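Subject: Model for your files

Dear colleague,

Please find the model below. My notes come after it.

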Amino acid sequence: MHELGITQSVVEAVLDAVAEPRITRLQLEIGKLSGVMPDSVRFCFDLVAQGTALEGACLDIVEPAGSGRCHACGIECELSDPIVLCSCGSADVTVLSGQRLRVRSVEVA
Ligand SMILES: [Zn+2]
């Protein structure tokens, strides 16, 4: 499960950046095209956060849809699935956004 490694990296990055003894809330953005399962991240988060400043923190995950430009019909389409397909049926789509996983905000006690 690669979400465990991802969650570990996120938690380490937050702990590195925020030198507070207790973090109460962490908001993550996981793009719908990132291929990362938010439920798995939630599950791993409790394990990884144990014994750190993030233990017991509220984990907020927002999942923005992605967007892409179709080369067949030229439109910009919203993409909510990792299988990138335009409404015209073409898979010749350049992904513009939605693949990102990032920390949006952190709240401390
Ligand atoms: Zn198209």
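Predicted model: local features only at pLDDT ≥ 70, side-chain atom pairs only at ≥ 80, totals over all residues.

Residues are numbered from 1 along each chain as its sequence is written, and side-chain values use heavy atoms, with hydrogens and water left out.

Metal site. The zinc ion is coordinated at 2.3 Å by the SG atoms of Cys70, Cys73, Cys86 and Cys88. Donors here are N, O and S atoms within 2.8 Å of the metal (3.2 Å for Na, K and Ca); water is not among the atoms, so sites may look incomplete. Along the chain the donors follow the spacing C-x2-C-x12-C-x1-C. The 4 donor atoms subtend angles of 106 to 113 degrees, so the arrangement is tetrahedral (for four donors, all angles between 85 and 135 degrees). For four tetrahedral donors the ideal angle is 109.5 degrees. Cysteine 70 is buried, with a relative accessible area of 2%, whereas cysteine 73 is partly exposed at 37%. Buried means under 20% relative accessible area, exposed over 50%, and partly exposed in between (1.4 Å probe, protein chains only).

Helix pair. The axes of H1 (residues 2-17) and H2 (residues 38-49) come within 9 Å and cross at roughly 55 degrees. That makes H1 oblique to H2 (oblique is what remains after under 35 degrees for roughly parallel, over 145 for roughly antiparallel and 65 to 115 for roughly perpendicular). The crossing of H1 past H2 is right-handed, meaning that the near helix is turned clockwise from the far one by less than a right angle. Axes are lines fitted to C-alpha atoms, for helices over the stretch in contact, with angles from 0 to 180 degrees between N-to-C directions. Helices (H or I, at least four residues) and strands (E, at least two) are DSSP runs, numbered from the N terminus.

Single residues. Histidine 2 lies in H1 and is partly exposed at 48%. Leucine 4, also placed in H1, is partly exposed at 34%. Its C-alpha is 32 Å from that of arginine 69, 65 residues apart in sequence. Glutamate 20 sits in the loop between H1 and strand S1 (23-30) and is partly exposed at 38%.

Regards

Key
Tetrahedral: all angles 85-135°; square planar, octahedral: opposite > 155°, others 65-115°.
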